[in-house]
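Work through the following exercises with the sequence and the model side by side.

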Amino acid sequence: MEELHCDYLIIGAGAAGCVVANRLASKFKNLSIICLEAGGNDNNPFIKIPAGFSKTVYNKKLNWPYFTSPSKNSYNRSIQFPRGRVIGGSSSINGHLYVRGQAADYNGWSQLGCTGWDWENVLPYFKKAETRINGDESVRGKSGPLIISDLTEVHPLTEIFIDTVDKFGIKKNIDYNSGSQEGTSTYQNMIKNSSRWSAADAYLKPILKNQNFKLIKNSLAFKLLLNKNKIESVLFEKKNKRYKVLIKKEVILSAGSINTPHLLQISGIGNKEELEKIGVRCLHHLPEVGQNLKDHYAVRIAMRAKGISTYNEKSRGLYLLNEIFKYIFLKKGMLTTPVSSAGVFAKTKSELENPNVQMLFAPASYQSVNVGTAKLEKLPGMTCGVTQLRPASKGWVKAVSNKAIDPPEIQPNYLDNEFDKQTIVEGIKLVRKFFSSSPLKDYCIEETIPGKNISSDEQLLNYAQKNGSTIYHPIGTCRMGSDQSAVVDLRLKVNGVKNLRVIDASIMPEMVSGNTYAATNMIAEKGSDFILKNE
Ligand SMILES: Cc1cc2nc3c(=O)[nH]c(=O)nc-3n(C[C@H](O)[C@H](O)[C@H](O)COP(=O)(O)OP(=O)(O)OC[C@H]3O[C@@H](n4cnc5c(N)ncnc54)[C@H](O)[C@@H]3O)c2cc1C
């Protein structure tokens, strides 16, 4: 087997891995850094076009072949579960929305024992990462690699939606990323000059020519070789050939919330009893590896629109040609808009301290209730999705064999918790209130999904269970904590292993209130700092 050597090995060039690669390669000039990525280049043109989401989200060449296991509270459906397999990882196929969450989320992490991860301590890393033009400098960054922009064009129906929510009493918020999230506005996006600005664009591409850095694409890490509590080497496969990387200093596992616990498990780090069942010798008993999986589960409400044109009509025939022309030559128009253009962070009950639901509005509607693959309708329409921000339901990720190519079992247990069921029903009712308030109601003909016949709480829950879906935010499967049963400690080191860290979305001890890219990016900035400071 051919051997390679390096000081630091990063597994996964995704949202987190690209950050770690950049920070290490830029500072450790005399050390060697290798990054292994299972996917290839991001040259598919739909990756770059903000409205290209539907062409990449289930694209087999850009994705891991994952589905959830059926769970009883979501009608025993097996739900498709996209995860990016390309440089930039899921940040190359995601919905572009930049949402940090609430200050209370991180203060909550701290209260769970994650000292040093409260809002005050994570804010400098959010700021370091980003460039936010016209942001309030006390909370927003000015010169980071991530470009956080506003929509270049706001559809009139999106403006009407925001005005309606504001008049309803959930006020416009000029910056939902300031720590104080409640309100409504257009979404901030990871878009630069009307093109996706992924972690690969922001962090990886600038270091590709560094002498001390090597990116090895299309290579699957399939085993960490552990000896006396130390990772000595990592095995990977590229074009049916196997290689061994010998490690001088550390391995950084950034393979995401599904693959990180999976790779640990098939390498013998996990729950002894479970590992033995699948023929893996347990080398380090760490029972929480793969546990505590949480995700955002969303449902959609759609309206037939009148008196205004929507993206439905613009997405066909000559209208579409016109939009393509505008995008290519002027970088304007419908194709510059991500899948959702406006959001609401709201409380379903006034006595709550913080918003507990998020809405995602689009001046477009789909031919079926299934997210992602469905085509836009011919007649004018609009859609508002709703998700619970901090679900209590949790599940797991479990290896089903000792082979890296066999997808693990992903059991998110959506709507397992009674409180989650109640919240999703309240969320749907709140969206309905927006649609029936002025001025938006003047543009609505009738609700097409789920439709006016679905009205009691029981019917709404049934609709949510039958038709909801992931909005792609798995976290928690390598939980960070100060307790011994946590998978990683507060410096993101795997408990009981000397030279292995996990730096990705899997370390989140609790769900953040919103889309998970920004939090993952912050974790990667902070995690890189621990390595640079030798902590
Ligand atoms: C369709 C979709 C839409 C989303 N929309 C949004 C959004 O609008 N806003 C938002 O904030 N968040 C969104 N997210 C979530 C966000 O993108 C993720 O939270 C974030 O990318 C997680 O980062 P990560 O580094 O943990 O994992 P990833 O970004 O998934 O990176 C993991 C990387 O590791 C590689 N890898 C895995 N296993 C191996 C292996 N064994 N060997 C080598 N390489 C390996 C993968 O190929 C991948 O490149 C979305 C996600 C998806 C999938």
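**Exercise 1: Helix H5**

In helix H5 (residues 119-129), determine which residues are buried, and then find the elements against which they pack.

Step 1. The buried residues of H5 are Trp 119, Val 122, Leu 123, Tyr 125, Phe 126, Lys 127 and Ala 129, where buried denotes 20 or more other C-beta atoms within 10 Å of the residue's own, exposed 12 or fewer, and partly exposed anything in between, with C-beta atoms placed from the backbone. Helices (H or I, at least four residues) and strands (E, at least two) are DSSP runs numbered from the N terminus. Residues are numbered from 1 along each chain as its sequence is written. This is a predicted model, in which local features need pLDDT of at least 70 and side-chain atom pairs count only at pLDDT 80 or more, whereas totals for chains, interfaces and linings use all residues.

Step 2. Packing is judged by contact, that is, by C-beta atoms, placed from the backbone, that lie within 7 Å of each other. The buried residues of H5 pack against helix H4 (103-111), strand S3 (130-132), strand S4 (146-148) and H14.

**Exercise 2: Helix H6**

Step 1. Buried in H6 are Leu 157, Thr 158, Phe 161, Ile 162, Thr 164 and Val 165.

Step 2. Just after H6, Gly 169 takes a positive phi of about 120 degrees.

**Exercise 3: Strand S17**

Describe how far S17 is covered, and identify the strands that pair with S17.

Step 1. S17 is mostly covered, with eight of its eight residues buried. Gly 381, Thr 383, Gly 385 and Thr 387 point one way from the strand, while Met 382, Cys 384, Val 386 and Gln 388 point the other way.

Step 2. Strands count as paired if DSSP finds at least two bridges between them. S17 pairs in the antiparallel sense with strand S14 (residues 297-305) over seven bridges, where Met 303 stands opposite Met 382. S16 and S17 are also antiparallel, over six bridges, and Ala 362 has Thr 383 as its bridge partner.

**Exercise 4: Strand S11**

Which strands are joined by bridges to strand S11 (residues 241-253), and are they parallel or antiparallel to S11?

Step 1. Strand S1 (residues 2-11) runs parallel to S11 and is joined to S11 by nine bridges, and Glu 2 has Tyr 243 as its partner.

Step 2. Strand S10 (residues 230-238) runs antiparallel to S11, with six bridges; Glu 237 is partnered by Arg 242. The hairpin of S10 and S11 has two residues between the strands, and there Lys 239 takes a positive phi near 45 degrees.

Step 3. Strand S22 (residues 500-502) is joined to S11 by three bridges in the parallel sense, with Val 251 opposite Leu 500.

How values were computed
Two residues are in contact if their C-beta atoms, placed from the backbone, lie within 7 Å.
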